[in-house]
Amino acid sequence: MATNALRSLWAEPRPTNAPERRPGDWALVAVLICWSLVEVVLRQNLAPRPLLLLAVLAVLGPLLWRRTHPLVAVAVSFGTLTIVDIVRILTGSQGALLYSIGAALILAYALFRWGSGREAASGLGVILLWLPITNVADTTSLADSVAAYAFFLFAAALGAAIRYRTKIRIRDIDQAKAREREQLARELHDTVAHHVSGIAIQAQAGRAIAASHPERAIEALAIIEDAATRTLTELRAIVGVLRATQDTEFAPQPGVAEVEQLATDGRTRPCVEVTLFGEFDDLSPAVGAAIYRLAQESITNARRHARHATQVTVAVTGDADQVRLTIDDDGSAAGGRAPAGYGLVGMRERAALLGGTFHAGPAAERGWRVEAVLPRTGTPR
């Protein structure tokens, strides 16, 4: 078990999309430079200036590449610090290094946050090699030596913890998107299967009554039946792998008309009011189902998370090119709703799959607003 765990850690790849240098990185380096200058002016009994300069550059320079090249940054920084401390030991130089080199803790954090398993293990070896050497160069007590090890191990553990927390969050977001894709696939399957089944039945009935008609009519009906049956079979085979259950219900999915059924009679809180504007006759079934699901999920979220909410207003507006869904509640601002919740991720994914847009966040005055705009045809991006 332990061997498998070590192998898994060793084979751990780098996190994807490591950010490049940011303005904050340059600001951090500038602050550390100022800190170092203040130390040089105010502190006494420091190591020779060339060694101080080399040590500071060894820490500050690699900070700018700590995310994209974590092992190189650690190797350059701690390797140089090791050389500086060895020179101090061999020459018997008196005086300490600057406190600002404590920023090397950031490199230990970045190594485990952004490095692969191999890089983290190799970089940790470089750090653990430097620690006893620097403790010899600067004579310290046992407690100080233990504290130094603890600080660097804590920085490494913090980087690993945040790395895996982010990894779990990304996995949960991907699962939320996958669930929404599966649900959308089921709705598309059931809607299309319902209509195609009707075509097949009509074609069969046509054949039954076409005995007295010309042979070409019978052949046309046979072609319709064959095409409809083949399409239904292929659709089941393609979408069936995405379904969580094996049964297929040939029933239309709820659409815009069913959104009105989400309204309440006012005796429950929050009260849900639904208003429909515009034309929805030629709306794509997938878009109609998406409007219903988005409204349903938004109302559920309002009931669960909108503190002190008394009213939820649902408005669906259809025009020539698109359908707009807006859900507002009057809950307090302290409702604790997070824009990055996985339910919202799934809703955003559903809208994007149909070529639309989705936004959720605090309203201008009070409460929470959810707004989705979908094209009438549901054309995916």
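**Notebook: helix packing, cores and the sheet**

I started with α3 and α5: their axes come within 9 Å and cross at roughly 40°. For my own record, axes are lines fitted to C-alpha atoms, for helices over the stretch in contact, and angles run from 0 to 180 degrees between N-to-C directions. α3 and α5 are therefore oblique to each other; the cut-offs are under 35 degrees for roughly parallel, over 145 for roughly antiparallel, 65 to 115 for roughly perpendicular, and oblique for the rest. I noted the crossing of α3 and α5 as left-handed (the near helix is turned anticlockwise from the far one by less than a right angle; clockwise would be right-handed). Looking up who meets whom, I found Val59, Pro62 and Leu63 of α3 against Ala104, Ile106 and Leu107 of α5, where contact means heavy atoms within 4.5 Å.

Ground rules before going on. This is a predicted model, where local features need pLDDT of at least 70 and side-chain atom pairs count only at pLDDT 80 or more, while totals for chains, interfaces and linings use all residues. Residues are numbered from 1 along each chain as its sequence is written, and side-chain values use heavy atoms, with hydrogens and water left out.

**Whole chain**

I get 10 helices and five strands for the protein chain; these are DSSP runs numbered from the N terminus, helices being H or I of at least four residues and strands E of at least two. Of its 381 residues, 40% count as buried (under 20% relative accessible area; exposed is over 50%, partly exposed in between, with a 1.4 Å probe and protein chains only). Among contacts in the chain with a separation of 6 or more, 76% are between residues 24 or more positions apart.

**Cores**

Back to α5, which is mostly covered, with eight of its 11 residues buried. The buried ones include Leu107, Phe112, Arg113 and Trp114.

Next I asked which residues touch the most other members of the largest nonpolar core. They are Phe78, Leu81, Leu97, Ile127 and Phe152, in a core of 36 residues. A core here is a set of buried Ala, Val, Leu, Ile, Met, Phe, Trp, Tyr and Cys residues joined through side-chain atoms within 4.5 Å. At least two core residues come from each of α2 (23-42), α3 (49-63), α4 (70-91), α5 (104-114), α6 (117-137) and α7 (142-209). α3 gives the largest share, eight residues. I clicked on Phe78 and, leaving out residues up to four places away in sequence, saw that Phe78 touches Ala104, Leu107, Val126, Ile127, Trp130 and Phe152. Another core, of 34 residues, lies apart from this one and has Val256, Val259, Ala306 and Leu354 among its members.

**α4 on α6**

I checked this pair too: α4 and α6 pack at about 20°, axes 9 Å apart. That makes α4 roughly parallel to α6. The crossing of α4 and α6 is left-handed. The contact includes Phe78, Leu81 and Ile89 from α4, and Val126, Ile127 and Trp130 from α6.

**Sheet**

Then I traced the strands. The five form an open sheet in the order β1-β2-β3-β5-β4, with mixed pairing (two strands pair if DSSP finds at least two bridges between them). The edges are β1 (271-278) and β4 (357-362), each with a single partner strand, so one side of each has no neighbour in the sheet. From one strand to the next the twist averages 10°.

Going through the pairs, I noted these:

- β2 and β3 are antiparallel over seven bridges, and a hairpin joins them through three residues. Gly318 has Val323 in β3 as its bridge partner.
- β3 and β5 run antiparallel, joined by eight bridges. Leu325 is bridged to Ala372 in β5.
- β4 and β5 (residues 368-375) also run antiparallel, with six bridges. Phe358 is bridged to Ala372, and Ala360 to Val370.

What does Gly367 do in the hairpin of β4 and β5? Gly367 takes a positive phi near 85°, and the hairpin has five residues between the strands.

Last item: I looked for what lies across the sheet strands and found helix α9 (residues 285-305) over β1, β2 (311-318), β3 (322-329) and β5, running at about 10° to β3.
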